Amino acid sequence: MARSVIAIPEPKLEKAGDLWRLSATIAGKNVFFESRIPLSPRPEVLVCSFLMPAMAFHADLEVEGGLDEVFLENLDFVRRRVKEWWPELGGGEVRASKRASAAPGPEVGCFYTGGIDSSYVLQQLHPKLRYAVFVEGFDIGLRDEARLRLARETLGATAAACGVELVSVRTNLRQNLLFQQVRWGKNHMGALSAVGHALGSHVHTMFAAASDVPPPWGSAPDLDAAWSSGSLKIENFSAELSRLQRVDSVAKWEKLRGRLRVCLERDTPHLNCGNCEKCVRTRMQLFVAGSPDGLGSFREGPTLRSAMSDLAEAHDEVAGQWREVAERLQDRRLLRHLERALAGRRPAVWRRALREFKKLGERAAREAMPHRTAAVRASQ
Ligand SMILES: [Zn+2]
């Protein structure tokens, strides 16, 4: 039976107010990328976004307008690696004519979220970086305007302290039903590379932070590089280091004080809730790296001891990071909680009940005081 085909049109570029908007209709739905700096309407943006989602249906892509010849060749590696790591994905042939590479952009950029890994990239590479790129709509939803503003201000301050310009790119890609067919952990580098190609007239290289999650995972040095074209290089930085080694480097970096942003919790008005697994893991990493106050970036949530006593089991993807913390941890009480979580045992039932009760209370207090968020932000 012939495989199904998803059409990739040439993206449109328009100026809407003070924003440049690149958009296209894929499988009947509009996808857009917006930025204050001009974007490049290259089909590579859409192929990076939708290659893996198409593979969830064992479908191929048919691309209008031709693709950069180096990019087209690199996709062989992407497809091979994807099928090897996730055999449920298939198809993914890309039918496109070859196009000579565009002239590379003059500058170098990095993707920046404010977290440990991308802050390490900024710390190490800022003398050669022009742009730090923050994508709105990836880990903070487009409707969450208050947190987006907070993230823009905070990340912009860190970048400015390094002499680097923060560029925000807004996109509705994560809301797209086709895109959602593949888990973010598998496809986030395709999505980030899409943003890189959209900025292709400005940059010749985009650095992406290594993630310290073992394969199979959507980011690895050779897989990240395979999203490159002849004019834009996607480069994974510092995969040779563990997460804790990167934490060691940024734990006392004053430019990051009060500005680290690691939390993926949606139900918090703050930069970091201080209490989710990722917040607690980062607080513990900073603790053993000599920054017991978490670089002043976790002012909300429980004390570190209380958060550790509530810690649920450590997931496989991050168990290595927790073990790294355990090896250095000298505090016996904290170590006991950590070893329990690593052994897959959850906290006692009464602790879990208490935690849920506290969360409900915090939510009720927030809903009763709609102006609190603004007041807290103003005081930070
Ligand atoms: Zn959190």
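The model is predicted: local features need pLDDT of at least 70, side-chain atom pairs count only at pLDDT 80 or more, and totals for chains, interfaces and linings use all residues. Residue numbers start from 1 along each chain as its sequence is written.

**Helices H3 and H7**

- Helix H3 (residues 116–125) and helix H7 (residues 243–250) have axes that come within 9 Å and cross at roughly 55°; helices are DSSP runs of H or I with at least four residues, numbered from the N terminus.
- Axes are lines fitted to C-alpha atoms, for helices over the stretch in contact, with angles from 0 to 180 degrees between N-to-C directions.
- On H3, Ile116, Asp117, Ser119, Tyr120 and Gln123 meet Arg243, Arg246, Val247, Ser249 and Val250 of H7 (contact: C-beta atoms, placed from the backbone, within 7 Å).
- The residues of this contact comprise four nonpolar, three polar and three charged (nonpolar: Ala, Val, Leu, Ile, Met, Phe, Trp, Tyr, Cys and Pro; charged: Asp, Glu, Lys and Arg; polar: the others, Gly among them).

**Domains 1 and 2**

- The domain assignment, automatic or from a database, gives domain 1 (5–237) and domain 2 (257–266 + 274–379).
- The centres of the two domains, taken over C-alpha atoms, are separated by 30 Å.
- In domain 1, 15 residues are in contact with eleven residues of domain 2.
- H4 (145–161) and H3 each supply at least two residues of the side of domain 1 that touches domain 2, and H4 gives the most, with six residues.
- That side of domain 1 has seven nonpolar, six polar and two charged residues.

Conventions: Contact = placed C-beta atoms within 7 Å.
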